[in-house]
Amino acid sequence: MKYVIKDLGEFDETDGLVKIDVCSDGYFRTGKDGVIGVYATGDRKVEFICFADRTIAYVLSAIGYPAYYPVKPVSVQKPIKAVLMDLDGTSVRSEEFWIWIIQKTVASLLGDDKFTLDETDLPFVSGHSVSEHLQYCINKYCPQKSLEQARGLYFEHTHYEMNEIMCGRGKQGAFTPSPRLKEFLTELKKLGIKIGLVTSGLYEKAWPEITSAFDTLKMGKPEQFYDCAISAGFPLRKGSVGTLGELSPKPHPWLYAETATVGLNIPETERNNVIGIEDSGAGVESIRLAGFAAIGMTGGNIEKSGTKCLCSRYCNSFDEVLQYIKDINS
C-alpha cells in the first residue's frame, strides 16, 4: 500500500516511516483539524504531520525544546552549485571513536568500567548533539544522574583522549579520511562547485578531525580549502562563553541552512542547485528540512534510522556521487 506525503514524496510500508495516530506532543491527530496522517521516521526523531496542501515536521528533543518546521519540496536542478558535506562518518571515519567516548562517559557515571552500549543505542548516540546523546543515555542507564554531570565527564574524557592522540599515544585509527575523499574534493574544485563542511560536532572535537585528515592526505589547511565550514560552536562551561549549538544541531535544519545561505551566499531560491551528503539519519533529516536534496552514503545509520526514504539518492562511494553530479551538470 502506497501513500503520498505532500512535498515529501510517495512511500510504502517498506520505506522506514512509521504511521502513528497522534503527534508526540498531542497537538495533531489523524482525522482532526485537516490532518490526513502522521508519520514518524524510524529513529522517532522527526514526525511529519500531513495536510492536503502542506506538510510540517516536528523535531523532537531529548532536552525539552522541540520545534516545528515547514517541509519544502526538493528537486535536483542543473547546475549543482554547491555540495554540503557532513564530517563524522562521511568525510572522516570517526563515529566509533565518539561513540566510545559516550560509552566511557556513561561508564564513569555508573562507576562501572565494564559498561558497554547496546547495538540498539547506536542511532541515538551519533549524528545529534553531545547533550542529546548524553541525555538519551542518562534516561536509559542512569536517570539519577544529571546532564551537567555527564557533560563534565564527557569533556574530561574528550580533552584527555584528544591530547593523547596529538601526542601519538591515543586510540589507533581514531580519525581516518574516508576512501577517495581527496579525489572527490579536488574534482569538485575543478568543476567550480562550492564546498561546505557541516558538522554537529563542537569545534574542539571537529576541527582536529578534519585537520588530521587533511594532514594525512597532504591537502594543506582545511580552512583554506573549504568555501565554508560550520560546526556546533564552542561548549558552554563555567568560566567561559559558549556558542549556540546544543539545541539547534541536526536534525534541525540550521547548520545546513546557514552553511549554504550565509557561508556560501546561495539564496534560498536556489536551494535546488544544492545537495547535501550524509551518512546519518539525523543528517539526512537536517538536509531535508533545510530544503535541500539529501544524498545518503552507506556505512552509517541511515537504513537503521528509517530515513533512507528521505534521500534523493543513496550511494556507495564518492565516485558514485561525483558521477551523479557530473550527469546532472552535463
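Over the ring of which residue does the charged end of Arg54 sit? The ring is that of Phe51, with the charged end of Arg54 4.0 Å from its centre. A charge sits over a ring if NZ of Lys or CZ of Arg is within 6 Å of the ring centre and within 35 degrees of the ring normal. Lys189 lies over the face of Phe225, 4.8 Å from the ring centre.

This is a predicted model: local features need pLDDT of at least 70, side-chain atom pairs count only at pLDDT 80 or more, and totals for chains, interfaces and linings use all residues. Residues are numbered from 1 along each chain as its sequence is written, and side-chain values use heavy atoms, with hydrogens and water left out.

**Aromatic pairs**

The structure holds 20 aromatic pairs. Phe97 and Trp100 form a tilted one, at 5.8 Å centre to centre and 50 degrees between the planes. Rings of Phe, Tyr and Trp (its six-membered ring) pair if their centres lie within 6.5 Å; planes under 30 degrees apart count as stacked, over 60 as edge-to-face and the rest as tilted. Phe97 and Trp100 both lie in helix α1 (residues 95–110), 3 residues apart, about one turn of the helix. Helices (H or I, at least four residues) and strands (E, at least two) are DSSP runs, numbered from the N terminus. An α-helix has 3.6 residues a turn, so residues three or four places apart point the same way.

Phe97 counts as buried because its relative accessibility is 2%. Trp100 counts as partly exposed because its value is 22%. Buried means under 20% relative accessible area, exposed over 50%, and partly exposed in between (1.4 Å probe, protein chains only).

The rings of Phe184 and Phe318 have centres 4.7 Å apart and planes at 15 degrees, so this pair is stacked. Phe184 lies in helix α4 (residues 181–190) and Phe318 in helix α9 (residues 318–329), so the pair ties together parts 134 residues apart in sequence. Phe184 and Phe318 are both buried.

Phe51, the ring under Arg54, also belongs to an aromatic cluster with Tyr27, Phe28, Tyr58 and Tyr68.

**Around Leu185**

Leu185 lies in helix α4. Leu185 counts as buried because its relative accessibility is 0%. Leaving aside neighbours within four places in sequence, Leu185 is in contact (heavy atoms within 4.5 Å) with Met85, Ile195, Phe214, Met219, Phe225 and Tyr226. Phe225 is the residue whose ring face lies under Lys189. Leu185 and Ser91 are 94 residues apart in sequence and 9.9 Å apart in space, C-alpha to C-alpha.

**Helix α1**

What span should the 16 residues of α1 have at 1.5 Å a residue? They should span 22 Å, and the end C-alpha atoms are 23 Å apart, which agrees. The expected span of a helix is 1.5 Å times one less than its number of residues. The buried residues of α1 include Phe97, Trp98, Ile99 and Leu109. The buried residues of α1 pack against α2 (130–141), α3 (147–166) and α5 (203–217). Gly111 follows α1 and has a positive phi, near 70 degrees.

**Sheets**

An open sheet of 6 strands runs in the order β12-β11-β8-β13-β14-β15, with parallel pairing. Its edge strands are β12 (228–230) and β15 (313–315), each pairing on one side only. Two strands pair if DSSP finds at least two bridges between them. The twist averages 20 degrees from one strand to the next. Axes are lines fitted to C-alpha atoms, for helices over the stretch in contact, and angles run from 0 to 180 degrees between N-to-C directions.

Another open sheet, of 5 strands, has the order β3-β4-β5-β6-β7 and antiparallel pairing. Its edge strands are β3 (18–20) and β7 (67–70), each pairing on one side only. Here the twist averages 30 degrees from one strand to the next.

| Strands | Sense | Bridges |
|---|---|---|
| β11 (residues 194–198) and β12 | parallel | 3 bridges |
| β5 (residues 46–50) and β6 (residues 55–59) | antiparallel | 5 bridges |
| β1 (residues 2–5) and β2 (residues 9–12) | antiparallel | 4 bridges |

Val198 has Ile230 in β12 as its bridge partner. Ile49 stands opposite Ile56 in β6. Tyr3 has Phe11 in β2 as its bridge partner. The hairpin of β1 and β2 has 3 residues between the strands, and Asp7 takes a positive phi near 70 degrees there.
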